[in-house]
Structure formats: structure tokens, C-alpha cells
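Dear colleague,

I am handing over a structure for your study.

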Amino acid sequence: MGVVCCMLSACMNDGWDEPTFSEPPFGNNDIVETNVISIASLIDKYPNVFASTDQNKEITEDIQIKGRITGNDLGGNIYKQLAIQDETAAIIIAVNQNGLNGYLAEGQEILIDLKGLHIGGYRKQPQIGAPYNGTSIGRMSKDIWMQHFKITDQNPLQQTPVDFKNVCNDMDGNCGKLVVLKDVSFIDADGKSTFAPADGSVATSGGNNINRSLREGFGNKEVVIRTSTYADFAGMILPYDADNNKPAKCNITGIATRYNSTWQILIRKSSDIEIIK
């Protein structure tokens, strides 16, 4: 028996190559980086699909975009979507799959081959996905997505959010970006109210989402903090200063999406909420 074991061990050692995992196990590693354009240039190519509500158009050019993930579904508040950003602009990628954060972490760089995908404006928010109900834009299938992206850097780099007050008046150029709202407080903060109660005590605004307003204003656009009742932090109490019996000041980081002319800030996870002491 000992001889047989040694022989088997020798055969396995001689004929077995340890996997290196040099290539990411997700996406399409055969994509070659060519004809990369900026996200801002991509959006500029299709102005008509963002000019009015819910349109889409197939991308027939052999073009690509490249950027880093700034938001995913890790905290349960961004549903079947990714936010990707480069030095020029940002865009939402809609994929009909849960657990996107499992292989596309915040800060990871990806290359997207756009030919054959659709670009559109969901309530004027630029989005890449697939046609929905004919003229609208929705989520592409997981299988299609896997053929159209390549992970180009497996080492996530922390992304620095833009100060929202510096971009809030330019919705067209900045929607979808990672931003931080500094020194803000919630109108409804009373020491009991939570971000998104699921008990029906607060009216939802589209699906299972609840909009919370801030006491501070930003330019000439309405701004709401939009939270899903399924978010991991949905039951978290809105920042409140119990010692002084008033809403607490905080910094809020999130993805600044738009819904027509309203800013909808999507907090990604609980650590995006920083209470100012």
C-alpha cells in the first residue's frame, strides 16, 4: 500500500500544474482594449435618449468605455446595478443579477465592450442595459453582461467622492457620480424615525423605496436621500443629537442619480453615513 501511495503521489506531482488564476474568473478575458472613449463622450453621442423620459438605442459602433466601480449592491440599496466612473463622467450599468459585488468590488477597474448593448435614459439618468417594454431601458441578462466586460485591474482603488455642492447645479454632467454631502441633517430625524421603515408608517416613493429630505438646500434642484426598505441600513435611526434634542449633522456619501430634475442620492452602505461629533 505504501508503494502505491508513493507512486500516486509522484504521478500527481509530475503531471499536475498548480492553477495560477492570473486571469479573472468572471467576464470575457478575450476582449482586447481598443477604441476606448470617455464616458462623457459616450453620453454625448446619444443626446436624444436622455432628452425625454425613458428611451433607448442600440450601440452599433465598435467602442468601449473603461472606469472603476463606485457603487454596487453590497449594502442592499442599489438593486441589480453598478455605477462606473472615469475622469469625465459616470453611468449606471443595469444587470439582471443579484450579488454583483461578489465579483465587482468598489474601486475595481473594468473595460466594457459596448457594441450590441443598449444605452438609454431612465428618467433621464444615463444607463447601459437592454430594451424594456420596447422604448424604455432596463436590465441586460447576466449571460450578455458576462460577454461584454473584462476586469482590467483586480486591485480595488478607493475612490474619492466629489463634494456635491460643487456639482449639484450641473445635473447633466454629474449624474451617476460618487459624491459626498457635507454637514447635512434630516428633516424627519427625531430620535425614532429610521431611514426606510418597512411597516408602512412612511409612504414609499416607487417600489419599496423611501425618500428622506434634508434641512439644507443644494442649488435649484430638489435633493432626496433614497433608501430601499431592503437596504442593510434601512432600520438605522436617522442621525439625531439626543443631547441637544435636534437632528444631528452628518456627512453622506453615495451615488448621485437623477429622477428627471430631482437628485436621488443612493447611500451604498452604512459606513457612508458619518455622524459629525
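Two strands are said to pair if DSSP finds at least two bridges between them. Please keep in mind that this is a predicted model.

With that definition in hand, consider strand E3 (residues 81-85). E3 pairs with strand E4 (residues 90-94) in the antiparallel sense, over five bridges. Within this pairing, leucine 82 has isoleucine 93 in E4 as its bridge partner. A hairpin of four residues connects E3 to E4.

E3 also has strand E2 (residues 64-71) as a partner: the two run antiparallel and are joined by three bridges.

Is E3 mostly buried or exposed? A residue counts as buried when its relative accessible area is under 20%. Four of the five residues of E3 are buried, so the strand is largely enclosed by the rest of the structure.

The second topic is the largest pocket. Its volume is about 960 Å³, and 32 residues line it. Nearest its centre lie Tyr79, Gln81, Tyr122, Arg139 and Asn209. Several elements give two or more residues to this lining: E4, strand E7 (125-132), strand E8 (136-138), strand E13 (222-228), strand E16 (250-259) and strand E17 (262-266). Sorted by class, the lining of the largest pocket comprises 17 polar, ten nonpolar and five charged residues.

With kind regards

Terms used: Residues numbered from 1 in each chain as written. Predicted model: local features only at pLDDT ≥ 70, side-chain atom pairs only at ≥ 80, totals over all residues. Heavy atoms only, no water. Buried < 20%, exposed > 50% of the residue type's maximum accessible area, 1.4 Å probe, protein only. 1 Å grid on protein atoms, 1.4 Å probe; cavity = no way out; pocket = protein on both sides within 12 Å on 5 of 7 lines; lining within 4 Å. Points joined across faces, edges and corners; volume = space filled by probe spheres on them. Nonpolar A, V, L, I, M, F, W, Y, C, P; charged D, E, K, R; others polar.
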